[in-house]
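Open the model in your viewer and keep the selection tool at hand.

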Amino acid sequence: MSDDFELSRGFRFRLASPFISISARELEQYEVILRALAVSIPAGVANPTPVNMASLQKDLRSMLALVNQSSFKPNVKAELQSALELTIASSEVIPVSVFMLAVNLQISLDYLLEATLLFNIKKQPKDELVTQIRCISVSLSTAMNRITAGVVGPQGPVGPQGPPGKPGELLTNIVQFDSSKASSYIQGQVVTYNNNVYVTNVNNPAGVPGTSVNYTLIFSSITGATGATGMGVAGTTGATGPTGAGVAGATGATGATGATGMGVAGTTGATGPTGAGVAGATGATGATGATGMGVAGTTGATGPTGAGLAGATGATGATGATGVTGVTGSTGVQAAVAGIIPFASTNDAATAITTDDQGNPETVIFSGFGPNTNYNILLAPGDWTNGTITFDDTYIERNYGTSFIMPYDGTVRSIYVTIGSKYSDTISDGATMTPFACLATATPSSTVNQIVYTILPGTFTYTEPYIGDGTPVPKYSIRQGELTGLNISIPAGTIVGIVIGWQGVGVTTPQFSRFAVFGGIYMD
């Protein structure tokens, strides 16, 4: 038997390829068994009668026999065999544990879905098989919901009515306290004393309510109505006592005010002409005369406004010449445009990357921005050596590589990537496998029916390596890498792909593993 097998599009894969070879006869049997399980699984879980369980066991054994006789890869066959064996065993327990059976059935469906996604068949039949498995999983969950939910029982009958309560006791037979009769009071006798109400604590109480421990206060300080105001006549007010005999000092006499003069103020004389001679020295200021006491004269009327016309406004002067325009200032610093491009590749079956037997990348990932089953791209012969990846009608089944287009002229400054193993795949003993992320660019053209990506050598961002020792790599083994201080310009309108792969040293056989990828690119 050859170590290679051929796909419909003309490629040949080694057994380390991520794809699973399945013959047309095996595929037909696989479809028939899935249709049978679509009936027997929900019936066996929802109603595990001997007939339903026998039908389910028959279909599970048919699937196990197909896997045992298949040409599946050893690791895939082992996973399916172990899951199916455990499921059949849990169905044979009497009485059957429906919960454990459902758990094992779901695990078997998960492994069947993983294998189906890797079948080397056309897209349409593969999609139909995936849909069939998903429908079985949904019917299994629905059957479990019906079992675990339970049914609410009917409401119980109303209980008999309880006996009526004891009637309340009223304060009756209240008497006023009488010391001559107090010795005959029985316990519970209510008495009033000094406007308060008491109850006797014992038979034949002693003492007086309020001071004796044989009485307990019930109601305190019952105030009576206010009495009428007395009608007596108010007494007379006593006489005021005599004032003290001390003598007050005499106040000095105030002098008389002189009479105000009544004379009329004289008229102001005309102002004499100003002398033409040199002004003499200012004489000393005379003493201020006494203020006259006459009545002030009335203010004279305002004279008429002059009748002269206003002069005409003068003509406006000529406008001066415009000054020279100043020198234009230097342009200010432009704000930088920056952005972060996140990327991620993960799905239910993870994303496979492979190398050839020399450790060169053979299957790579065009990383995108969420879950996708079509991230991985099989390189054409010569692609990696030439540093290019071509998409055209030569490889009609190769999907477009997930990419983005630069919206502005930008410069790549840094790249960060984290890779985690999704399954416990084995690396060959002595091999050192180093995952990487890099950028590939292309210029689209409407006149050429192809897209050719050119790998940018300066963008290779390597993570820590995986070292092969012949044992499986633990699931969720994380490797990280970063590349900073870059200055790689990419023009606006360029298609950019984020390529994920790995390279090996000490490799003599093809290497295969499945990874989840997360990362980001900083540009300005």
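Select D127 first. In this predicted model, D127 is partly exposed, at 34% relative accessibility. Side chains of opposite charge can pair when their charged atoms come close.

Next, select D425 and R514. Are these two buried or exposed? D425 is buried, with a relative accessible area of 6%, and R514 is buried as well, at 4%. They form a salt bridge whose closest N and O atoms are 2.7 Å apart. D425 lies in the loop between β14 (410-421) and β15 (432-442), while R514 belongs to strand β22 (residues 512-523), so this pair ties together parts that are 89 residues apart in sequence.

Move on to E92 and R61. Their salt bridge has its closest N and O atoms 2.4 Å apart. E92 is in the loop between α3 and α4, and R61 is in helix α2; the pair therefore links parts 31 residues apart in sequence. E92 is partly exposed at 41% relative accessibility, and R61 is partly exposed too, at 38%. How many salt bridges does a search of the whole structure find? The search gives 5.

Now leave the charged pairs and turn to the nonpolar residues. Select Y30, L37, L56, M63, L105 and F119. These are the residues with the most contacts inside the largest nonpolar core, which has 39 residues. Colour the helices α1 (24-46), α2 (50-69), α3 (74-91), α4 (98-117) and α5 (123-149): each of them supplies at least two residues of this core. Which helix gives the largest share? That is α4, with 8 residues.

Stay in this core and centre the view on Y30. Which residues does Y30 touch, leaving aside its neighbours within four places in sequence? Y30 is in contact with M63, L66, L112, T116, F119, L129 and I133. M63 and F119 were also in the previous selection, among the residues with the most contacts inside the core.

For the last stop, select F404, V412, V417 and F515. They are included in a second, separate core of 29 residues.

Key:
Residues are numbered from 1 along each chain as its sequence is written. This is a predicted model: local features need pLDDT of at least 70, side-chain atom pairs count only at pLDDT 80 or more; totals for chains, interfaces and linings use all residues. Side-chain values use heavy atoms; hydrogens and water are left out. A nonpolar core is a set of buried Ala, Val, Leu, Ile, Met, Phe, Trp, Tyr and Cys residues joined through side-chain atoms within 4.5 Å. Buried means under 20% relative accessible area, exposed over 50%, partly exposed in between (1.4 Å probe, protein chains only). Helices (H or I, at least four residues) and strands (E, at least two) are DSSP runs, numbered from the N terminus. Contact means heavy atoms within 4.5 Å. A salt bridge is a side-chain nitrogen of Lys or Arg within 4 Å of a carboxyl oxygen of Asp or Glu.
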